[in-house]
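Reader: I would like to learn how to read a model like this one. Please take me through it feature by feature.

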Amino acid sequence: MRVFRFVLSLLVTTLLCWQLMVPQAAGDKKLPPIGSFFNPFSGFWKNAEPASGFYYGNPEIPGLRGRVQVVYDDLLVPHIFAESMEDAVRVQGYVTAQHRLWQMDIATRKASGRLSEVLGERTVAIDRLSRRRGMVFAAENDLKAWNRSPESSRMLEAYSAGVNAYIKNLSPADYPIEFKLLDYAPEPWSPLKTALVVEAMAENLCSRDDDLASTNALALFGKDTFDYLYPEWNPKQQPIIPDTGQWKNWQPAAAGAGQLSLNQSKNTDNQSIKPTPAFETDPYVEGSNNWAVAGSRTRSGHPLLANDPHLTLSLPSIWFQLQIHTPAQNCYGVSLQGVPGIIIGFNENIAWGVTNVSHDVSDWYRLQWADPGHNRYMVDGVAQDVVEKIEIIDIKGKEPLRDTVRYTVWGPVVYDFNPDHPLRDCALRWITHDEPEPGGSIVFMALNAGKNYDDYRKALAAYDCPAQNFVFATRSGDVAITVQGRYPVRAPQQGRFILDGSRQSDAWQGFVPAERVPAMKNLSRGFVFSANQNSTPPSYPYYYLGGFEDYRSREIFDRLDVLKNATVDSMKAIQLDNFSRRAADALPVMLALLDRSRLDAEGKKMADELAAWNFRYDADFTAPPLFDVWFDSCYDKTWDEMDRMESMLIPESWRTIELLEKDTASIFFDHPATTWRESARDIVNESFGLMQAYFRQNPQKRSSWGKFMGFTLKHLALIDAFSRMDVVVGGHRTAPNAMQKTHGPSWRMIVDLGDRVRGYGVFPGGQSGNPGSKFYDNMVDTWAKGAYYDLLFLGSAEEVSTRILGKQTFSPSPQ
C-alpha cells in the first residue's frame, strides 16, 4: 500500500511539474510555462532592478582592441569613451542590447515577416505582407551595397559582435521579461538585421501611395474635375526651399536609373489570406519639425537648432540616448536600436536633425500577363519571365505557410494571392528595393565626426532612403538644410496613377542628379526649417508628388520670421506651440456660415465658446473637442458619397476649407438623395447639429481636450501593465506640438551652438526597456509637462559631475 501511495504521489507530482513547465492554452491564446515564469530564481522576479537602477558588471568582449569606459548619468545615458570608432561601435552594440534587446528582436521580426514564429497565427497576415512587399529583399540589397565599403562592413560587424557578446553572456534567467512571457529566446544579431531596422523605418516613412485611389478618382470624375478636387499645390504653403532663381535655367536631367537584381527560386504552393489595406482620408500621419536659426536672430549671436521627430510613440521608446567619444569625435544624441552611430544629435562643432521628406517614391505597374499561369509578362511586346522567391512563414503551434512571391523588372507582385484584390495584377516599384550607395550605413557616423558644412555635405552624399530633410548648424555660424534622398525623374503626373507595366516608357527616367537635389545654406532671412511640407514651389523643374503637411509649416514659418534675440526658451516655445492653422483657417469660415438663429440655447453656448477660442489645443481647453467633432462631421458630410466607395481618393482638408470659403455652391456640397441642392451653408449647419447630438449621446466626451484626445503610450506588445495610460497632454497633429492619440514628438532636442555647445532634450520613455526598471518611463512626465533635461555632454571619462550614476569598463577578452 505504501508503494502504491508513493507511486501515485510521484505520478501526480510529475504531472503537475509537466503542467507547470509547458505553455497552457487560455482561449485562443497561450500562456507561457507558468512554472518557469514564476520561478523565483529564473522567472520574472529576476527582471526586477535595484532601487539605484545601476548594477552593471565589467564585461570582456571579443574583438576589442583596447579598454572602453562607459559612464552612466542620472538618466541612464551611456557615455562611451573609446580609443577607436570600431571599439566604440562594438560597445554601443553591447550597451544597446543590454537595455533594449527584446525591442531590437521584435522590430526585426516585424520587418522580416517573422512575428508568427513567436506570436502564432494571429500575425500571419502581417508577416505575409512584409514578405510580399520585399522587405527582406530590400535589406539584402542594402547589405550587398554596404559590404562593398570595407569601413562600412567593419563597423556593422563590430556592432553585431557587441550585441552578440551581450546575448552570449545571458542565461535564460536573465532574458528580458518579454522573452519569458512569449516563451522564446533571443537569437544572434547580424548586419542583415541592422539593414532590416533601416528598412522598417523606410516602410514607416516612405511607403505610402495613393496610386489606386487616384486612378479610381480620375476614372470617376475625369481630368477637369479631378484637377479641381485634388490640386497638388496649396497656395498658402511655405516650402522648405524657396525659389531664389537657383533653378531658373535648369532642364530636367537624370542620373543613372539602375536595375533591380533578382535571385532565382521557384515554388508553386500558394495559400490565400484576406489583405488588410489601410486608407486614410487626410494623409498626414508621421512627420516632424526642424529648424536652425542664424546668429543674426539670436541673443547670443550663435546659431540655435531644434528638432522634434513625430512618430508612433511606444514603450520602450523608439530612441536610445548616448554619447560617443573617440580621439576623432565627441558626439551626443539619439540612436535607433540596431543601427550604429547617432541619428540626431550634435558634437563640439555642429548639430543636425531630420524630418521626413514625404515624397512618393513607390509606384504600381499593372502587368500584361503572357500566360494563364502568370509566369511571364509583356514589356514592349517581349515576354519576360517572372522570378519566383519562396517564402516559408513558420507559425508557432502550426504548420508553416509556404508562399511564392513573383518578382518582375518593376518589383514584387504583392497581392496576386488574392483574386479579389484590385492590385492583384500589379507590381510594386519601390525605391527602397534598390541597392543604396556603398557607404550608406555609415552616413551618420561620418556626420557624427563632422566639423563644418563641407563635412556635412560629404557625409550626406551617400544617404538615399528614406529621404530626410537634414537641418544643420555650426558653431562658426552656418545654417543649412538639404532635402536629401534619391528621387526618380518622372514626367508630370507620372506615378500619381497606376502605370502601364507593359511599356518601358512608363519607367522612371533615372534619378535627380545630386547637385540638383534641393538645398539651401545661409539664407538671407536668417533661418531654415522643415515640417514635412512641399520641398519646393511648383517652379522647381523636377516633378514630384507625395503627402505633404499644410499647417504646421506655416505656423513655424510665421514664428521664425518675426523672431528676434532668440534663446533656447524661444525654441522650446515653438516646439510646444499648440496653435492650429487648420482651426484658424476653418473655424472663422464655418462660423460665418452657421445660422445662429436656428440654434437652441445649448448650441448658442457652444458657438460662443468656439468664437472665443484662440485655436490652441491646450490640454485643459474645452473648445477643441467641439471644433474637431464639428469639422470632422463637416468633412465627412461633404465627401460621404466618395468615402463609401472602395479605394477612392478623398480631397485634402485644406482644399475642403478652401471650397467652404470660396466655392460655397459647389456641387460636392449637395446630397444626391435629397430633392434640393445643398450648399456649404447647409453642410456646416447640418454638421453643427451632428456635433451637438454627439455630445448629448456622449456627455463624458464634453471634457477638456487632453481627456478627449485620450493619449496612450502603449507597450510594443500592447501589454497594458507595461503601458502608460494616465498621461494627459495638449497638442494636435496640425499644430507644431503635433500630438495624436498614439503619435507625437518622439524626441525633442534643442542645441545652442555657442562657445561651448549645449544640448537640451527629452523623449517620452526611458533608457531602459525593462518595465521593472526605474528608468523605463522616468522621462514621460517631464516630456508631458513640456520640460527638458540639460544633456550631460562630457569631455572625458574622468570629468567630475554630480549627475554621474556609475561606470562600466569593457576590456578585450583573452584570446
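Author: Start with charges and rings. A charge sits over a ring if NZ of Lys or CZ of Arg is within 6 Å of the ring centre and within 35 degrees of the ring normal. Here the charged end of R128 sits over the ring of F417, 4.3 Å from its centre. R486 does likewise with F511, at 3.8 Å from the ring centre.

Reader: What are the ground rules for this model?

Author: The model is predicted: local features need pLDDT of at least 70, side-chain atom pairs count only at pLDDT 80 or more, and totals for chains, interfaces and linings use all residues. Residues are numbered from 1 along each chain as its sequence is written, and side-chain values use heavy atoms, with hydrogens and water left out.

Reader: What pLDDT does the protein chain average?

Author: pLDDT is the predictor's confidence in each residue, from 0 to 100. The protein chain averages 90, and 89% of the residues score at least 70. Over residues 12-21 the pLDDT is below 50, and this stretch has 8 contacts (heavy atoms within 4.5 Å) beyond near neighbours in sequence. Residues 257-285 also stay under 50, with 86 contacts beyond four places in sequence.

Reader: How many aromatic pairs are there?

Author: Rings of Phe, Tyr and Trp (its six-membered ring) pair if their centres lie within 6.5 Å; planes under 30 degrees apart count as stacked, over 60 as edge-to-face and the rest as tilted. The count is 43 aromatic pairs. One of them is W247 with W250, a tilted pair with 6.4 Å between centres and 55° between planes. Another is F346 with F793, which is edge-to-face at 5.1 Å and 75°. F346 lies in strand β11 (residues 344-347) and F793 in the loop between β28 (789-790) and β29 (804-812), so the pair ties together parts that are 447 residues apart in sequence. Ring pairs also link a cluster, including F579, W613 and Y635.

Reader: Is F346 buried or exposed?

Author: Buried means under 20% relative accessible area, exposed over 50%, partly exposed in between (1.4 Å probe, protein chains only). F346 is buried at 0%. F793 is buried at 12%. In the tryptophan pair, W247 is buried at 4%, while W250 is partly exposed at 22%.

Reader: Which strands does β13 join?

Author: Strands of a sheet pair through backbone hydrogen bonds, either parallel or antiparallel. β13 (residues 362-366) has 4 of its 5 residues buried. It runs antiparallel to β18 (residues 426-430), with 5 bridges, and W364 stands opposite L428 there. β13 runs parallel to β21 (residues 499-500), with 2 bridges. R366 stands opposite D500 in β21.

Note on methods. Two strands pair if DSSP finds at least two bridges between them.
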